[in-house]
Amino acid sequence: MKKNAIIALLLIPFFFACGSKKEEQAEEKIYTVESLQENIEALVDSTVMIEGEVVHVCVHSGKKLFIIGEKPENSLKIYSDDEKFDVNLEGKFILARGIVDEFRVDQEYVDNLRVEVLAEIEADSLAALEGLEEEHHAHGELLSDDSSPVDHHADQMQQVNDFQEQIDKSEKGYISFYSIRMISIEEKKTETKETETTEE
């Protein structure tokens, strides 16, 4: 009898602990884009619930979408490792569970990116010049001095320069880009339908 009583006493904290975990899961906080961004640095690698309006689903891969908060300028990327998102989610409100992910752009990253962009510019420039020379020689013409290949990498170089400027201003020596690695996602029911049913 004493043994049974001792075992029962030992199991009491276990049952209470299980109950408290269930209560915590039931009362899990749901973030908006704004409320998550306010404290996102401290939530890296944490699992969160977030709601927002889908403004874009990536057509090419189908594994990225973007949601906005109360203000359109406040946006956040949600991505999936395997599952493809339904394009019909655009314009709808969703509730997503996922892990907060941080991507850091530091000086090494920017330096490597600059080298890659410059290498692409040089390769494209040589290819364009060789093409122009062949075309002019075929027509018995000389390549004029003012002929130059069109720079298609201006946007990429501008991004490199923007990254560099932000890193120079940053006290941390890097800039962070945050996103959510999706665990589950569902369309959020609108409140209008609920109010209609209650009125009836």
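Which residues does glutamate 34 touch, not counting residues up to four places away in sequence?

## Surroundings of glutamate 34

In this predicted model, glutamate 34 touches Gly69, Glu70, Lys71 and Asn74, leaving aside residues up to four places away in sequence. Glutamate 34 is part of helix α2 (residues 33-38).

Although buried, glutamate 34 has no salt bridge. Lysine 71 is the nearest side chain of opposite charge, at 7.0 Å. The side chain of glutamate 34 does reach the backbone nitrogen of lysine 71, at 3.2 Å, and makes a polar contact with the side chain of asparagine 74 at 3.0 Å.

## Salt bridges

The count of salt bridges is five. One of them joins the side chains of glutamate 28 and arginine 97 (3.1 Å, N to O). Glutamate 28 sits in the loop between α1 (2-26) and β1 (30-31) and arginine 97 in strand β5 (residues 93-106), so this pair ties together parts 69 residues apart in sequence. Glutamate 28 is partly exposed at 27% relative accessibility, and arginine 97 is partly exposed at 28%.

Aspartate 111 and arginine 114 also meet in a salt bridge (3.4 Å, N to O). They are three residues apart in helix α3 (residues 107-138), which means a separation of about one helical turn. Aspartate 111 is partly exposed at 33%, as is arginine 114 at 23%.

## Confidence

The chain has an average pLDDT of 80, and 70% of the residues score at least 70. Among its elements, strand β4 (residues 75-79) has the highest mean pLDDT (97) and helix α5 (residues 191-199) the lowest (45).

Terms used
Residues numbered from 1 in each chain as written. Heavy atoms only, no water. pLDDT = per-residue confidence, 0-100. Helix = DSSP H or I, 4+ residues; strand = E, 2+ residues; numbered from the N terminus. Buried < 20%, exposed > 50% of the residue type's maximum accessible area, 1.4 Å probe, protein only. Lys, Arg positive; Asp, Glu negative; His and termini not counted. Salt bridge = Lys/Arg side-chain N within 4 Å of Asp/Glu carboxyl O. Polar contact = N/O pair within 3.5 Å; in protein donor to acceptor, adjacent residues only side chain to side chain. Contact = heavy atoms within 4.5 Å.
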